[in-house]
Amino acid sequence: MNTTVFPPPRITDPASFGRVAVLMGGASSEREVSLDSGRNVLNALRARGVAADGVDGLPNLMRELQGGHFSRVFNILHGGAGESGVLQGMLEVLGVPYTGSGVLGSALSLDKIRAKQVWLTLGLPTPRYLRLAKGQDVHRAAAELGLPLIIKPSLEGSSVGVSRVYTDANLEAAVELAARYPGELLMEQLIEGDEYTIGVLDGRALASIRIVPAGEYYDYHAKYVAEDTQYICPGLDPPGETEARDQAERAFAALDLRGWARVDFMRDRQGRNWLLEANTAPGMTSHSLMPKSAAAFGIDFEELCWRILEMTMPGGAST
Ligand SMILES: Nc1ncnc2c1ncn2[C@@H]1O[C@H](COP(=O)(O)OP(=O)(O)O)[C@@H](O)[C@H]1O
Ligand SMILES: [Mg+2]
């Protein structure tokens, strides 16, 4: 089930990229995951002959760029300034090409509430939600939205601060946990069904993946530690797969994304898909989903990194 045909890479000489900074680590709650992703990207680019070096965090990158040490940036910071538009704005000012989405797409995607607002405006399906203001009566909000529901911080990733709430008695603890993180709180209708994700490369959807955690939930442990989470790819039969891929492409375009991204969604028991969020610098660890989604299209890890980097060259991404 491979309906998208990617033309062969345009760039064949690794020297054309000049020196590449692989930006990783940083100060977000996903620092360790980013370091893991970064090492993998660095190894892949070097294996293909690219002159790449790792750089930890924005302050170091700024110094390196001022010294004129790099001609482009492969951004693999997860969360925080790396995915929020801040890094992208700085690189725009400096005129340094970088992988992935620009200022607007990054900022919209990091903020789960704003991403949902854009999708809803365009008629794309995303679970009903309420923005929880500080001091708001959470019981009243829950009654309005209906149980069961999910509470999450709007700006975090990796399931950090996310709780499922089935009874009113558990509301306060869920709000308290999410409130430990910066940004607004999102109360969202809980979709019961299966969890999926789908990689998008240069505006075109790759294969969907159905995530089947051994435990009940796809939490931080299931994402990065457990070896028994099952990934089924492609995750859907042809009509459903085509629909999901189309939705992922529309979700990507709606947020003005560029280069690559991964779109997470739930599929309810009636077979309807609900968009959860878009990740503009998705994980590239050995457990990560973007590489699996690409592999189903015959794009191995090294080639995936090459293609993401290639879109920083003149003529760039097609979206
Ligand atoms: N509305 C929802 N219904 C059911 N499960 C959800 C919902 N929102 C989030 N989840 C679960 O929580 C996890 C994390 O939520 P997500 O919105 O993808 O944020 P992030 O991955 O950035 O932490 C998802 O992978 C999913 O397992
Ligand atoms: Mg997610």
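1. Asp202 sits in the loop between β8 (193-201) and β9 (204-212). Helices (H or I, at least four residues) and strands (E, at least two) are DSSP runs, numbered from the N terminus. Asp202 is partly exposed, with 19 other C-beta atoms within 10 Å. On that scale a residue is buried if 20 or more other C-beta atoms lie within 10 Å of its own, exposed if 12 or fewer, and partly exposed in between, with C-beta atoms placed from the backbone.

2. A word on the model before going further. The model is predicted, so local features need pLDDT of at least 70 and side-chain atom pairs count only at pLDDT 80 or more, while totals for chains, interfaces and linings use all residues. Residues are numbered from 1 along each chain as its sequence is written, and chains are lettered from A and ligands numbered from 1 in the order in which they are written.

3. Two strands pair if DSSP finds at least two bridges between them.

4. Now the pairings one by one. β8 and β9 run antiparallel and are joined by 6 bridges, and Thr197 has Ile209 in β9 as its bridge partner. β9 and β10 pair in the antiparallel sense over 3 bridges, with Ile211 standing opposite Tyr231 in β10. β11 and β12, also antiparallel, are joined by 6 bridges; here Phe265 is partnered by Leu275 in β12.

5. Asp256, which is not a glycine, has a positive phi near 60° and is placed in the loop between α9 and β11 (260-268). With 17 C-beta neighbours inside 10 Å, Asp256 counts as partly exposed. Most residues other than glycine have a negative phi, and most peptide bonds are trans.

6. Two cis peptide bonds deserve a check by eye. One runs from Leu147 to Pro148, with omega near -5°, and Pro148 lies in the loop between α6 (138-145) and β5 (149-153). Another joins Cys233 and Pro234, with omega about -5°; Pro234 is found in the loop between β10 (230-232) and α9 (238-254).

7. Which residues of helix α3 (residues 86-94) are buried? They are Leu87, Gln88 and Leu91. Seen down the axis of α3, these fall within an arc of 95°, so they line one face of the helix; the arc is that of the directions from the helix axis to the C-beta atoms. Their cover includes α2 (58-66), β3 (72-75) and α4 (103-110). Just after α3, Gly95 takes a positive phi of about 70°.

8. Just after α5, Gly123 has a positive phi of about 75°.

9. How do α6 and α7 (residues 171-178) meet? Their axes come within 10 Å and cross at roughly 105°, and the two helices are therefore roughly perpendicular to each other. Axes are lines fitted to C-alpha atoms, for helices over the stretch in contact, and angles run from 0 to 180 degrees between N-to-C directions. Angles under 35 degrees count as roughly parallel, over 145 as roughly antiparallel, 65 to 115 as roughly perpendicular and the rest as oblique. Val138, His139 and Ala142 in α6 meet Leu171, Glu172 and Val175 in α7, where contact asks for C-beta atoms, placed from the backbone, within 7 Å.

10. Finally, Leu145 lies in helix α6 and counts as partly exposed, with 18 C-beta neighbours inside 10 Å. Leaving aside residues up to four places away in sequence, Leu145 touches Arg128, Leu130, Met187 and Gln189. Leu145 and Pro125 are 20 residues apart in sequence and 16 Å apart in space, C-alpha to C-alpha.

How values were computed:
Contact = placed C-beta atoms within 7 Å.
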